[in-house]
Amino acid sequence: ALVGCTVWLLFIVAGDALVGLLFAGSGESPQQLALTAQVLALVGGYMLAVMFGQVLAQVFYCAGETRRIVVLGVAGYTLGLVLKVLALWQFGLPGLAAAISLSWLLNAAAYGLAVPGVFRRITAVGGTVAGARTPV
């Protein structure tokens with residue numbers, strides 16, 4: 001996670017220079033290199049969201065709560081698909097990159113908001129969180 005966040009921050013701060021170094025001598029125009037840097041900076045939120053979403057999803061699976069995570073995942077994927085198509089149509093490639101990050105960030109946020117319900121369900125049936133000495 002730390003490496004992914006660092007790389008993303010580097011592309012936000014110095015994306016043009018990094019892309020220029022990576023594609024030096026490729027014959028690409030400065031406009032194409034600038035667009036590549038912009039897209040890489042915008043899509044970086046995807047990496048962060050996937051990391052957090054994966055950790056949060058494991059909470060559901062560990063608690064045996066598979067229905068809620070599937071419903072959230074399907075709803076998030078469907079809404080994200082609509083968001084991505086609209087963003088591509090309205091703003092082109094940079095819009096698509098931003099929509100990819102936004103949809104995954106919103107999906108991870110939905111998982112995070114639903115996690116307290118998982119802990120309430122565990123407590124309601126008298127369970128404990130793994131490793132805890134007392135019920136949650």
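A search of the whole structure, which is a predicted model, finds 2 aromatic pairs. A pair of aromatic rings is described by the distance of the centres and the angle of the planes.

Tyr46 and Trp104 form an edge-to-face pair, with 5.5 Å from centre to centre and 85 degrees between the planes. Because Tyr46 lies in helix α2 (residues 30-62) and Trp104 in helix α3, this pair ties together parts that are 58 residues apart in sequence. Tyr46 counts as partly exposed, at 33% relative accessibility. Trp104, at 31% relative accessibility, also counts as partly exposed.

The rings of Phe60 and Tyr111 have their centres 6.2 Å apart and their planes at 65 degrees. Planes over 60 degrees apart count as edge-to-face, so the pair of Phe60 and Tyr111 is edge-to-face. This pair, too, links distant parts of the chain, for Phe60 belongs to helix α2 and Tyr111 to helix α3, 51 residues apart. Phe60 and Tyr111 are both buried.

The two pairs are set out below.

| Aromatic pair | Centre to centre | Angle between planes |
|---|---|---|
| Tyr46 and Trp104 | 5.5 Å | 85 degrees |
| Phe60 and Tyr111 | 6.2 Å | 65 degrees |

Another residue of helix α3 (residues 66-124) is Asn107. Is Asn107 buried or exposed? Its relative accessible area is 11%; since buried means under 20%, Asn107 is buried. When its neighbours within four places in sequence are left aside, Asn107 is in contact with Leu72, Gly73 and Gly76.

Attention now turns to helix α1. This helix spans residues 2-22 and contains Ile12. With a relative accessible area of 46%, Ile12 is partly exposed. Which residues form a nonpolar patch on the surface? The patch consists of Leu9, Ile12 and Val13, which together have about 320 Å² of accessible area.

Leu18 likewise lies in helix α1 and counts as partly exposed, at 27% relative accessibility. Apart from its neighbours within four places in sequence, Leu18 is in contact with Leu10 and Phe11. Between the C-alpha atoms of Leu18 and Ala37 there are 7.9 Å in space, while the two residues are 19 residues apart in sequence.

In summary, the pair of Tyr46 and Trp104 joins parts 58 residues apart in sequence, and the pair of Phe60 and Tyr111 joins parts 51 residues apart. On the surface, Leu9, Ile12 and Val13 form a nonpolar patch.

Notes. Residues are numbered from 1 along each chain as its sequence is written. This is a predicted model: local features need pLDDT of at least 70, side-chain atom pairs count only at pLDDT 80 or more; totals for chains, interfaces and linings use all residues. Side-chain values use heavy atoms; hydrogens and water are left out. Helices (H or I, at least four residues) and strands (E, at least two) are DSSP runs, numbered from the N terminus. Buried means under 20% relative accessible area, exposed over 50%, partly exposed in between (1.4 Å probe, protein chains only). Contact means heavy atoms within 4.5 Å. Patches are made of residues with over 30% relative accessible area and no salt bridge: like charges are joined within 9 Å, nonpolar side chains (Val, Leu, Ile, Met, Phe, Trp, Tyr) within 5 Å. Accessible areas come from the Shrake-Rupley method with a 1.4 Å probe; for residues, only the protein chains shown count as cover. A salt bridge is a side-chain nitrogen of Lys or Arg within 4 Å of a carboxyl oxygen of Asp or Glu. Rings of Phe, Tyr and Trp (its six-membered ring) pair if their centres lie within 6.5 Å; planes under 30 degrees apart count as stacked, over 60 as edge-to-face and the rest as tilted.
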